[in-house]
Each structure stands twice: as structure tokens, then as C-alpha cells.
Amino acid sequence: MLTPALEAVDLAHAYPGPRGAVEALRAVTLTVPRGEFFGLFGPNGAGKTTFIRVLATLVIPTSGHARVLGLDVVRDAARVRAQIGLVFSNENALYGRLTGRQNLEFFAALQGLAPGAARRRSAELLDFLGLTSAADRPAQAYSTGMRQKLNVARALLHDPAIIFLDEPTKGLDALTAETLRHLLRRELAERRGKTVLLTTHDLGEMEQLCDRVAVLEAGRLRAVGAPADLVREASRSVIYRLEVAGSGPGLADRLAQLPGVRAVTLAADGAATVLDLTLARAPEADLWRLLADLGVRVLRFGPKEDGLVTVLKELSQAGHE
Amino acid sequence: MSKYALLALVRRGFLHAASYRLNFFGNYLGAALVVVFFSVLADFYGQARPAGLALFGGDTFTFLLIGGVTARFFNVGFKQYARELEHELAAGTVEPLLVTATPAPLALLGPALWALIEGLLIAALQLALGVWLFRADLSRADWPAALALGVLALLAVTGWGLLSAAFVLVFKRADPLSWLADVTLYMFAGVYFPVAALPAGLQPLAWALPLSHALEALRLALMQGRSLMELARYAWILAGFALALLPLGVLGLEAALRHARRRGSLGHY
Ligand SMILES: Nc1ncnc2c1ncn2[C@@H]1O[C@H](COP(=O)(O)OP(=O)(O)OP(=O)(O)O)[C@@H](O)[C@H]1O
Ligand SMILES: [Mg+2]
């Protein structure tokens, strides 16, 4: 079998502190195969950033092991670094007085690229991320989103096999975030087969991007699986929100008669109709057929209370029992 | 691989320094004014001809010039590693530097490289100014000997630089170290007066510092033209300091890195 991209075995980390150690990771065992788009999800302080920092050789774990492409992150740290790109959640980690281009060329050289290659690669990435017109302005004059893009470009300079992204879309406008997500999913994961490990608090993003998700809570791994599976497992009944164009008289009644629909409530009416459906299971073909037969235009359809929030709630309740 | 990194680190240092334009040129102006200051000081003390200067040939201005220029350069060597690292910590760029393929010690010390090169440039400028405008007497100088001694001293200073970088990684601020460097350099190393002028009880302390040896040797090479053979004793002592301080610095830096990695404090300031 191919060595997995990422492997954690009983990984634990405690940060020493004035009032005793903070256990940021507790016996986390996890494998991410190559080419997977993997998400880390969990509340603030769950240990997501710590997990990434351990894998990126920036934090030495207190116990357990972590391997990147089979290389131990403590013993083979230098070789691990050659394989990874890291997008920091702190978008300020740049040289503000240098231009975007100078920042990239500098880090490219530190990754071992010859000057010509560093210039070409930097220009290519600036273009790729839509920063070319701002390339020769100092990075401190960039907006948050532009800095974040530069941060992403830096992580890709040496074309690493594995990319870690700590809340990459934090602070980005919807369009920019969507562009970045597209880039990560289509260009990096699907077209180039990169392994991506991403953290986010945006549940839609998680479900949209990730093949699998690990849910961390207080340093413990609470669940791993495809987002849809996690949703299904956790929800014996899930509330979906349906938004259709125009007003739909009788729509609520028709929907309520469908098998698997437990309740329908009208949340808003007017230019658009918003309905909350309580479903016993994930929506099925007959729901879509009905909507098509009635000729309604669906504006939005998705879990109202997001699937993963439900997972998380259930898991944390289970943990406290 | 590290070759490109080295060049890029120097270039980045230059770009950053040059982006503060006034400061950048002010640096050169300040260095030139110091030479004027030495000349005024030498004129004032010139008549007195302190006995301690006899060893070097007695020209007060040249004595002060070499002391001041050397001290300024080594002061950069002492402090710059720590200072740059403080900046990198504050900017949040230490972690991005450390996840690159460049070995950690180079990535941590590299940011100071430009300042060292510039320091060398300024030192040359000051000497040239001293010779042309104020008639410093370097006519007998043995330049190869001075260069060799300078390199040995720089290696010893780099050992200290590594230790100061280690100190910053752990404690985040280098102030106690810069204070120590200033006191030892300007009090004890014989910058403005020869070590012989110190109270007898303090002289052994002075000779425990590599820079006292470096300054005395450099003055002998530049003012009296003593050859490296004649100054072999100094060269050995400086090599000894380098051999002791460099490994100590490397070990210290490694320990500090391990410490910071355990605590996850590489990004803290
Ligand atoms: N350098 C550090 N020193 C001490 N404690 C730390 C350090 N970094 C993180 N912690 C603690 O470790 C725990 C996990 O933090 P971590 O940053 O990994 O969480 P996270 O899941 O990334 O949270 P968020 O979603 O807010 O980014 C927290 O309790 C945090 O206070
Ligand atoms: Mg985090």
C-alpha cells in the first residue's frame, strides 16, 4: 500500500503553562491518504491549529508520532518541510515593506528555487491568484484578502505535495472565498492530486470541499467521515430550508404529503417563499420530482441547522454523559 | 540550494533597510560624523600623548579611529542577529521562515547578513575618510594580517550572535544582552583607551573578552604593520575563542529551537 500522506498515531500535545499544562491534543490517531481533501472541524481551542503545527514541524508533540509521507515530523523534520506548504491563519506573516512579488521571490529562494525559476514561479502564482496588478505594491498596503492570497501563493511556491491551510477563507468576501475554494478544490486537489488539510469554521465550506472531515473537540478526535455520512449518522431527523422563487400557494401542503417529510413550516412568504422541512432522512428523488412537476424555481436548498453543527452537538453531549 | 537562500536573505535585508530611506542614508552620515568627532577628540588629547599609546606608535587619532570603526562593526555582529530576530518575531515571519527548506540556523541568522555587509562597507568608508580628510596614518598597515585577524574575530562574534539569537527565541527580548555587549565592548575591550589603562584588577576581565585581543592585534597590524607571523599569538587566541563560542552558539540555538517548538512559542513575541 502507498504510504499515506499524513499519519498521526496516539498524537498528544500539552503546552506548558503557568497554571498547569494545556492539553491541546489527546491521543489523536488519524490517517489521511494521498490526494484526499481533508477537513478539521471543531470549536475554538479544539486543537486544530496545534494538529497542523505538529505536522508542519513547528511544534514538537509531547507524545505519539506523526508522519508526513512516511517521514517522522520530529526526526526527519527537514525532509518533511520540503514536502509541505503551510497557509498560516495569521495573514500578517509577511514582510510588509516588501512588495508582494518580493515576498514571493524571497520565499521561493528559501525553498531552494534558482533566481530565474523563483521569478517565473512567483509571477505565475501572482497571476493565478489575481494579484498581478498589485504585485509591485508593498504587502502592508494590501487588504486582508489580498494578504491572505499572498499567503496562499507562498505556500505553493515549491509545488508541495501536501498543503495545510488554517482557516484560509477567514476574512474574505464571499466572491473571493469562493474563488479560493474553487482553486483549492479544482486546481490543487482534483487537477494536481495534492493532499489538502484544511480547517475552517464555515460549515458550508467544509461540506463543499472536503472528502472527509475529522471532528476535534477539546483535543480529542470525536468522529471521522465524509461530511454527508456524518450528517446522516447524526441526524435521525434534519431540518432543511427550502427557498423558492415567487409565492407558492399550496406548496407547503403538497410537500407535507411526501413520504419522509415530518413537518413543513412556512418561514417567510413574499417575493420568495421560505419553507422549513423536517425530514426523516436525506432528501430523495420524489422531493425533487414534485418541485419539478410544480415548476417552482429552487433558489436555495440545504440543511438549516447545519449538518456538522448537529454532529458536533450530539458528540459533545455524548461526551458529557 | 542554500546558496540561493543566502543571496535572497542578503537581498531581503537590503530591500527592507533601503525602504526606510532617511534611516538608510542617515546611517552613513552618522558614521561619517563619528570620524569628525574622533578627530576633534584626538586634537584635544593630542598634546597629552597618553603613555598607554606608546605600544601602538602614539598617534591618538589613528588609535581612536581603528577602535571606533572596529567596535562599530563588531557591535553590529553582536546585536544584529538578536535585533533582526526580534523584528521577525513581531512580524510573525519566523514560522514561515522555519517551514522552508532552508536549515533553521541559516533562516534565523540570515536576516542579519545585510547589516553585516553594510557594516563592513561603512567601516571601509570610515577608514577611507579618516585617511583622506584627517590624515590617519595607515601607511605601514599589513592589510592581509588585519583581514585574517578580523575574520577570526568575526567568527568568535558570530558564536555570540548565535547565542543571542537563542536567547531571543526563548525570552523574546534581547535587551539584557545588548546592555552586556555595550558595557563589555566600550568599557573593557579597549575601544577608546588601551586595556593597560584599566585598573589592574579589571584587566584580567578585559582579556577574557575576544574583542580586547582583536582590537589590540588589529591596531598592531594597521598602525605598525606587524605581520600575521608576529601576531600569531593573537590569532591563536581568537581562533580559540571562535572554536569555543561557535559550537556553544550552535548548541544553544538548537536547544532554544527545541524549547520553542515544545512550547509552540515560535510565533510568540
Ligand atoms: N503556543 C501556545 N501556548 C500555550 N497554549 C496554547 C498555544 N497554542 C494553543 N494553545 C492552547 O491549546 C489549545 C488548542 O489551541 P488551537 O490553537 O490548536 O485550537 P484551534 O482548534 O485551532 O482553535 P481556533 O478554532 O480558535 O483556531 C487551546 O486551549 C489554546 O489555548
Ligand atoms: Mg486555530
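Between which chains does ligand 1 lie? Ligand 1 lies between chains A and B. Please keep in mind that this is a predicted model.

Let me start with the surroundings of the ligand. There are 16 residues around ligand 1, and those that come nearest are Asn44(A), Gly45(A), Lys48(A), Thr49(A) and Thr50(A). Sorted by class, the shell holds 8 polar, 5 nonpolar and 3 charged residues.

Now the polar contacts. Gly45(A) has a polar backbone atom 2.8 Å from an oxygen atom of ligand 1. For Gly47(A), a polar backbone atom is 2.9 Å from an oxygen atom of the ligand. Thr50(A) takes part through its side chain: a polar atom there lies 2.5 Å from an oxygen atom of ligand 1. As for cover, ligand 1 on its own has 630 Å² of accessible area, and the protein covers 70% of that.

Which elements give two or more residues to the shell around ligand 1? They are β2 (22–32) and α1 (48–55), both of chain A. Of these, α1(A) gives the most, with 3 residues.

That is the ligand. On to the helices, where we move to chain B. Two packed helices are described by the angle between their axes and the distance between the axes.

The pair I take up here is α1(B), residues 2–19, and α6(B), residues 113–134. They pack at an angle of about 75°, and their axes are 7 Å apart. The two helices, α1(B) and α6(B), are therefore roughly perpendicular to each other. On the α1(B) side, the contact is made by Leu6(B), Val10(B), Gly13(B), Phe14(B) and Ala17(B). These meet Leu113(B), Trp114(B) and Ile117(B) in α6(B). By class, this contact has 7 nonpolar residues, 1 polar residue and no charged ones.

The other pair is α7(B), residues 143–171, with α8(B), residues 175–188. Here the angle is about 155° and the axes are 9 Å apart. That makes α7(B) roughly antiparallel to α8(B). Which residues of α7(B) meet α8(B)? Trp160(B), Ser164(B) and Phe167(B) do, and their partners in α8(B) are Pro176(B), Leu177(B) and Leu180(B).

To recap: ligand 1 sits between chains A and B, α1(B) and α6(B) are roughly perpendicular, and α7(B) is roughly antiparallel to α8(B).

Conventions
Residues numbered from 1 in each chain as written. Chains lettered and ligands numbered in written order. Predicted model: local features only at pLDDT ≥ 70, side-chain atom pairs only at ≥ 80, totals over all residues. Heavy atoms only, no water. Near = heavy atom within 4 Å. Polar contact = N/O pair within 3.5 Å; in protein donor to acceptor, adjacent residues only side chain to side chain. Areas by Shrake-Rupley, 256 points an atom, 1.4 Å probe, with all protein chains shown as cover. Helix = DSSP H or I, 4+ residues; strand = E, 2+ residues; numbered from the N terminus. Nonpolar A, V, L, I, M, F, W, Y, C, P; charged D, E, K, R; others polar. Axes fitted to C-alpha atoms, helices over the stretch in contact; angles between N-to-C directions. Parallel < 35°, antiparallel > 145°, perpendicular 65-115°, else oblique. Contact = heavy atoms within 4.5 Å.
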